[in-house]
Amino acid sequence: VAFVRRLLKSLTGKYNIDPARIYATGFSNGAGMTFRLGRELSGMFASIAPVAGSDWLDTGTLSQPVSLLYITGDEDFTNPIEGGEVRLGRKSYGVKPPVKEMLEKWIAMLGCPSSPTVLETAKKVSGVSFGPCERGGEVQYYKVEGLGHNWPGGKKVLPEFLVGKTSDALNATDLVWEFFRTHPKVK
């Protein structure tokens, strides 16, 4: 977090960067880091888009609102939607919280309505929005049917027996960019 803070200060000091349009995204462990950056550097980030990872932090505050887009697959055994122990072979990698709990933290921090609005989606994709929120911003959640621990619409990198199936039902790269484009820093 300290490294990213220094990097952003250096880059914004040297280049013409719009401070209202600084974003973070990441996959798997990178998603966990993205959640952390959104919380601990909420004054710097406009929006975050973690994909297939967990928000491990228990603290429930943001110094400034940060919109959240979260994407995961319903067959991701390393990031189970209902939460639970993650095992690879005989080794346990801990217990992950349910996705619903992670979303509820952000909904509470932003003061979003508790009832979602269903988003228009493609076949095998479901999406909901919680917003607009009292503090500004929005929380969006997309679930991809049949997707294992992979970037939706991305290239297959690891064998299916390790990470599950890929899916082209959603292009996460395009969705993340559209979310970022439409969610600048709340003033």
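Reader: Which residue stands opposite Val 118?

Author: Val 118 faces Val 128, a residue of strand E7. This is a predicted model, and its strands E6 and E7 run antiparallel, joined by 3 bridges.

Reader: What makes E6 and E7 count as paired strands?

Author: Two strands pair if at least two bridges are found between them. E6 and E7 have 3 bridges, so they meet the requirement of at least two. In their hairpin, 5 residues lie between the strands, and Lys 124 takes a positive phi near 70°.

Reader: Why is E7 described as mostly covered?

Author: A residue is called buried when its relative accessible area is under 20%. In E7, 5 of the 6 residues are buried, so the description "mostly covered" follows from that cut-off.

Reader: Why is the link between Cys 112 and Cys 133 called a disulfide?

Author: A disulfide is a covalent bond between the sulfur atoms of two cysteines. The test used here is a pair of cysteine sulfur atoms within 2.5 Å. For Cys 112 and Cys 133 the S to S distance is 2.0 Å, so the pair passes that test. A search of the whole structure finds 1 disulfide. Its angle about the S-S bond is 85°, and the link is right-handed.

Reader: Which parts of the chain does the pair link?

Author: Cys 112 sits in the loop between helix H3 (99-110) and strand E6 (117-119), while Cys 133 sits in the loop between strand E7 (125-130) and strand E8 (139-144). They are 21 residues apart, so the pair links distant parts of the chain.

Reader: Are Cys 112 and Cys 133 buried or exposed, and what decides it?

Author: Compare each value with the cut-off of under 20% for buried. Cys 112 has a relative accessible area of 11%, so it is buried. Cys 133 has 8%, so it is buried too.

Reader: What makes Arg 36 and Glu 40 a salt bridge?

Author: The side-chain nitrogen of a Lys or Arg has to be within 4 Å of a carboxyl oxygen of Asp or Glu. The closest N and O atoms of Arg 36 and Glu 40 are 2.7 Å apart, so they qualify. Both residues lie in helix H2 (residues 29-40), 4 residues apart, about one turn of the helix. Arg 36 has a relative accessible area of 38% and is partly exposed; Glu 40, at 37%, is partly exposed as well.

Reader: Which residue forms a salt bridge with Asp 55?

Author: The partner is Arg 39, with the closest N and O atoms 2.8 Å apart. Asp 55 lies in the loop between E2 and E3 and Arg 39 in helix H2, so this pair ties together parts that are 16 residues apart in sequence. Asp 55 has 1% relative accessibility and counts as buried, and Arg 39 is buried at 5%. A search of the whole structure finds 5 salt bridges. Another of them joins the side chains of Glu 85 and Arg 87, at 3.0 Å from N to O.

Reader: Why is Leu 7 called partly exposed?

Author: Partly exposed is the range between buried, under 20%, and exposed, over 50%. Leu 7 has a relative accessible area of 38%, so it falls in between. Leu 7 is found in helix H1 (residues 2-14). Together with Phe 3, Leu 11, Tyr 15 and Ile 17, Leu 7 forms a nonpolar patch on the surface, with about 480 Å² of accessible area together.

Key. Residues numbered from 1 in each chain as written. Predicted model: local features only at pLDDT ≥ 70, side-chain atom pairs only at ≥ 80, totals over all residues. Heavy atoms only, no water. Patch = residues over 30% accessible without salt bridge, like charges linked within 9 Å, V, L, I, M, F, W, Y side chains within 5 Å. Areas by Shrake-Rupley, 256 points an atom, 1.4 Å probe, with all protein chains shown as cover. Helix = DSSP H or I, 4+ residues; strand = E, 2+ residues; numbered from the N terminus. Buried < 20%, exposed > 50% of the residue type's maximum accessible area, 1.4 Å probe, protein only.
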